[in-house]
Amino acid sequence: MKFVSGPLATLPWQQQLNSVAAFAVPGMALWLPSGYSYGAALLLIGALFSIRKWPFEKQQALTLWFAACIFAMGLLWVAMADPVAGLGQADRPAKFLLALPCLFYAAVFGTRPRAFFWGLVVGCIGAGALAAWQVYGLGEWRATGRTNAIQYGNLALLLAVLLAVFVATVHKQLSVGEKVLAAVAIVAGMDASVLSLSRGGWLSLIVAMPFGLALLYRYRARLFWRVIVGLMVVGGLMSVLNRDMLATRWDEMTSEIRVYERTRDANTSVGQRLEHWRFAWDAGKEKPLLGWGVAGYTQEKQKRVAEGLYKPAIIEYKFVHNEVLDVFVKTGLVGLALLLWFYVLPIWMFWPTGERMRAYEGGDPALRRMVLAVRLCGVCVPVLYVGFGLTQVFFAHNSGIMFYLFSLILLWSMLQGLERSRPVA
């Protein structure tokens with residue numbers, strides 16, 4: 001498989017390092033402890049050793065806007081820090097701030113998409129193998145990987161979706177063996193998600209599916225029905241392999257919803273979420289502009305539970321299990337606007353508009369397909385994160401922050417490199 005650029009050894013050391021990072025972020029994310037951090041550390045090392053060059057290079061306007069958005073999110077997490085935890089909460093905003101030099105550095109020195117592709121393959125197979133070992137080998141009731149089950153399952157699903165996007169878009173540049181290996185990896189990544197029993201992650205597919213299918217139909221209409229058939233096959237395979245587990249999990253969810261509707265029982269996974277959402281929405285409406293703050297949110301929750309307005313099950317949780325409601329109740333509409341910006345801006349950065357893609361018409365078709373693949377992956381990350389955030393405060397976890405930031409930084413770096421390689425008419 002040849003993805004636009006030449007042999008790795010012929011590239012400048014910065015691009016070689018970036019390509020290793022592009023492999024490491026998805027490739028090591030889920031089956032090694034803190035695996036998502038290794039690629040990020042490589043980018044930071046590259047930024048430090050190239051400090052005499054990248055700060056003086058002209059950056060695209062969208063790069064600067066994304067940097068401003070990252071900085072704003074760092075400030076938001078300063079505002080959302082738990083005062084009881086002290087400096088223990090500094091790691092979240094620190095990750096956003098440390099991502100800034102990595103963004104500027106990576107945007108100057110491109111990254112090879114080939115490395116990211118193989119990272120996705122290894123990451124999916126590693127996640128699937130670890131999940132199968134934990135459930136079938138160790139007898140655990142759900143796969144948790146090296147983090148918690150929800151983060152693990154959702155990120156495994158994201159890896160599988162990104163790999164599927166790559167394969168669907170650049171399949172003409174893959175050998176038969178590479179296609180087969182990628183198909184096995186996609187199934188492994190999705191199986192890891194199923195074995196994690198993370199029901200919320202699959203809601204993200206409902207959110208993402210219309211985006212993906214609409215874009216695929218627009219730019220690769222011939223593949224549209226093949227992808228539909230492929231999705232049906234994979235879905236059927238997942239159902240057969242994990243039939244009892246999926247049926248049990250579905251019955252639990254529907255039962256818990258019915259019980260909550262009748263009795264307000266919040267002592268179940270679904271019931272606790274629904275009760276917490278009810279509290280967050282009611283409290284947030286009372287202070288809609290700036291919210292209650294973390295301390296005020298905690299105190300008000302304890303007060304209302306003591307008054308019998310809400311069930312005690314929500315007391316032990318610091319987060320609302322919904323990204324939007326959590327930010328809204330704690331920081332109001334101001335914080336919510338920043339969160340939505342953090343979702344929407346990357347979608348716009350990568351969205352393959354007609355004008356953006358027309359620049360590649362009449363040129364190298366392999367380059368055009370690769371640009372489209374990178375853009376579609378860049379859209380998938382925030383769209384799926386919106387879905388993840390429906391039932392989980394995903395950015396409250398290191399894995400959620402790190403994968404979002406550094407997968408987007410690397411995809412943006414790939415896109416910048418590909419655009420610079422386009423011949424000037």
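Colleague: Into which class does isoleucine 45 fall at 40% relative accessibility?
Modeller: This is a predicted model, in which local features need pLDDT of at least 70 and side-chain atom pairs count only at pLDDT 80 or more, whereas totals for chains, interfaces and linings use all residues. Residues are numbered from 1 along each chain as its sequence is written, and side-chain values use heavy atoms, with hydrogens and water left out. Buried means under 20% relative accessible area, exposed over 50%, and partly exposed in between (1.4 Å probe, protein chains only). Because its relative accessibility is 40%, isoleucine 45 counts as partly exposed.

Colleague: Which helix gives the most residues to the nonpolar patch?
Modeller: Trp13, Ile45, Leu48 and Phe49 make a nonpolar surface patch of about 470 Å². Helices are DSSP runs (H or I, at least four residues), numbered from the N terminus, and isoleucine 45 is placed in helix 2. With three residues, the largest contribution to the patch comes from helix 2.

Colleague: What is the phi of leucine 197, and is this residue buried or exposed?
Modeller: Leucine 197 is found in the loop between helix 7 (176–195) and helix 8 (199–219). Its phi is positive, about 60°, although leucine 197 is not a glycine. Because its relative accessible area is 7%, leucine 197 is buried.

Colleague: Which residue meets lysine 95 in a salt bridge?
Modeller: A salt bridge is a side-chain nitrogen of Lys or Arg within 4 Å of a carboxyl oxygen of Asp or Glu. At 3.7 Å, N to O, the partner of lysine 95 is aspartate 91.

Colleague: How far apart are the closest N and O atoms of glutamate 275 and arginine 278?
Modeller: Both residues lie in helix 11 (residues 269–286), three residues apart, about one turn of the helix. Glutamate 275 is buried, with a relative accessible area of 1%, whereas arginine 278 is partly exposed at 25%. In their salt bridge, the closest N and O atoms lie apart by 3.0 Å.

Technical notes
Patch = residues over 30% accessible without salt bridge, like charges linked within 9 Å, V, L, I, M, F, W, Y side chains within 5 Å. Areas by Shrake-Rupley, 256 points an atom, 1.4 Å probe, with all protein chains shown as cover. Helix = DSSP H or I, 4+ residues; strand = E, 2+ residues; numbered from the N terminus.
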